[in-house]
Amino acid sequence: MNLTGALLFMGGLGLTLAVILTLANRRLFVAEDPRIDDVEEMLPKTNCGACGCPGCRAFAEACVAGKANPAQCTVSPPAMSAFIADFLGVELGNEEKKVARLACAGGNHVARMRSAYHGLQSCRAAVAAGGGGKACSWGCLGLADCEVSCDFDAITMDRNGLPVVDEDKCVACNDCVVACPLNLFSLQPVSHRLWVACKSLAEGDEVLADCEVGCTGCARCVADAPGGLITIKNNLATVDYTKNALASKLPIQRCPTGAIVWLQDHTVEKGAAAKRIIRKEALPVDPTA
Amino acid sequence: MFDLLKFLRPSGTFSHGIHPAENKHFTAHLPIRRLPFAPELVLPLSQHFGAPSESLVHPGQEVVRGEPIAKANGFMSVPLHAPATGRIKRIELMPTAKGPRTPSILLEVYPGDSQEVRYDAPRDYTTMEPKAIVQAVQDTGLVGLGGAAFPTHVKLSPPQGHHVHTVLINGCECEPFLTTDHRVMLEYPEDLIRGTKILMKALGAERAIIGTEENKMDAVAAIQAHLPTDGPISVQAVPTKYPQGAEKMLAKALMGVEIPSGNFPSSVGLGVFNVASTAELGALFPHSRGVIERVVTVTGPGIEKPGNYLVPIGTPVGFILKQLGFTGTSNCLIMGGPMMGGSVASLAVPMTKGSGGLLVLTEQILEQQQRDAVSYPCISCAQCVAACPMHLNPSQLGKLAHKHRYEEMQGDFHLMDCFECGCCSYVCPSGIPLVQYFRIAKSSLREQAARERAAAS
């Protein structure tokens, strides 16, 4: 008797709730384009934010709504982006691949140290503790905050303590740009081949006292570049990328330190006049530098 | 039994905090002495909290000691005065104690000059309007000499609706090793009392308390000797404890009030000023002079002649150390005290208005430190919770910082109330660099907020 009563009560309760839920589902139903789920399924689901949306789901919604092009996803292989565009019947879009680039070439074999930093191995901690001891106050500290921030294993630290970006793996997600306390990273389209690998605003001789590969602002590249492509701003050669069509290997040729380089096919090409660095080991700490 | 009832009595101090070895015996008994002028002074245009000063000089120009060489750029800024008679060499980017290079005026000192301070019109604060006093204080270029370098005249202009009834003069100097404030109280009590009266007049305050710690009773006696017993100014010693010298801790100890999170002391009717700044104000104000030198404690086991020295602003650290017998490297230097000071990365860094101490360690100590600097996982012992004077939870904050969950630290665990006193790192038995984590988190959050502001505008 007791068992039957309990079964009847629980069964009745379940039935009543099921009816309420069914009615609620009918009345409160939100019509959603089923293609959003399909597109999300096709996306890489890294939620990296490189496309500008707060995650892959938001990007799928934007694509379906026609507010974004599938090619804006820099993580998907191009074939997958083309497939998504085909599936939705929208334009693929024409997004040029961007990569993160470091505006410093001062590894520990060419850049001098005034004092040794011992402490939490993080660039940001070193900046809080008097700047980290590097003589150049704009240069890379080499404590790998960017390497830690990269979710795609695209950044590795080389033997001289400089981060190297693997252009194939880099999806331009902006994480390293945010992580670097010295703002040395920026996202650049791969067609920007002429690159000034220095951020020092110090004057000529002072740059050389701190680092052997810094930009001294000697303006030889300015003289060699056509049509105002390069200008000197605050003692630093600056490339005007709106005139990128004029870029060639010519301006790098006479650079005495090799601070301005040509980046193509995963190689860094320095000019003929750039001083050759054969030193491999780190420079000693020198408080008078 | 009576110990159990202790919480019922006003304790005259704040809760939590630590008591590190004081190490003040190196310099506490040594009178303030003058150091010679360096051949070249480096004067950063941004020595204070706020907008950098605007240079008034050009290379090659001759300046007289005490003459303004840079003017204030707006209200949140102060002028800069020439610390010596000489010639302006150039204006260029020079390294500072914080690390990045900032525009600085380089002054070549005339070696044979008598270095008389330029004479200016006398001023009498008793007949001046509060508004005029605030302007005159800005003209002295005075900032908080305790380290934060917050412009004093800004503190004298509390926000609308705040009335300051009590001025607290902060002479706690809770940092180990430093004795600058101690010597100033002992040697310049008259300037200190005059400065206090100027501050009271500018704020319309009824009374003032000079607060110091119980390890400086001789300073209390020296000031009391110059005070009437029933006047509006009194001296009070509170228990020696770190960080007693933080303004929130001092307000709690002397007045028993808590300054609400994110608010100025003026929101509870208080104005808190550093004792060295107040004495400097008392000395400068009657003669319309500007800040051109300050007392610096140069101390520590790594220096031959420790002491309290009157140093012209802009003297490079390397020059001071050479005068006082030091042969080590820049690895051993800390600008300020051992708890909150920052390491100095270069001997070319100048002493600025905010630098009150220079601690010199030895290579042996550093090597020992590096050997001991091993960090183990958090064992949740809560010693940091018992030490944090802001009643935060450093243990939890540290775990979140390790995972880079900075927004959660700010939103749920009040990271921004942390003023980086370092008590948590000091007591941590696992050697976790907690305060360093918090500095990283705070700098990341500040940068992110700046980016969001830039994106919004």
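**Salt bridges between the chains**

A salt bridge is a side-chain nitrogen of Lys or Arg within 4 Å of a carboxyl oxygen of Asp or Glu. In this predicted model, Arg101(B) and Asp210(A) form one through their side chains, with 2.6 Å from N to O. Between chain A and chain B the count is two salt bridges.

Residues are numbered from 1 along each chain as its sequence is written, and chains are lettered from A in the order in which they are written. Local features need pLDDT of at least 70 and side-chain atom pairs pLDDT 80 or more, while totals for chains, interfaces and linings use all residues; side-chain values use heavy atoms, without hydrogens and water.

**Extent of the interface**

Chain A gives 26 residues and chain B 24 residues to the contact (heavy atoms within 4.5 Å). About 2000 Å² is buried between chain A and chain B, and carbon and sulfur atoms give 52% of this area. Buried area is the accessible area, with a 1.4 Å probe, that two parts lose on being put together, summed over both.

**Two helices of chain B**

Within chain B, the axes of helix α4 (residues 189–203) and helix α7 (residues 275–284) come within 7 Å and cross at roughly 90°. Axes are lines fitted to C-alpha atoms, for helices over the stretch in contact, and angles run from 0 to 180 degrees between N-to-C directions. Helices are DSSP runs of H or I with at least four residues, numbered from the N terminus. α4(B) and α7(B) are therefore roughly perpendicular to each other (65 to 115 degrees).

Among the residues making this contact are Leu192(B) and Ile198(B) of α4(B) and Val275(B) and Leu281(B) of α7(B).

Definitions and conventions
Parallel < 35°, antiparallel > 145°, perpendicular 65-115°, else oblique.
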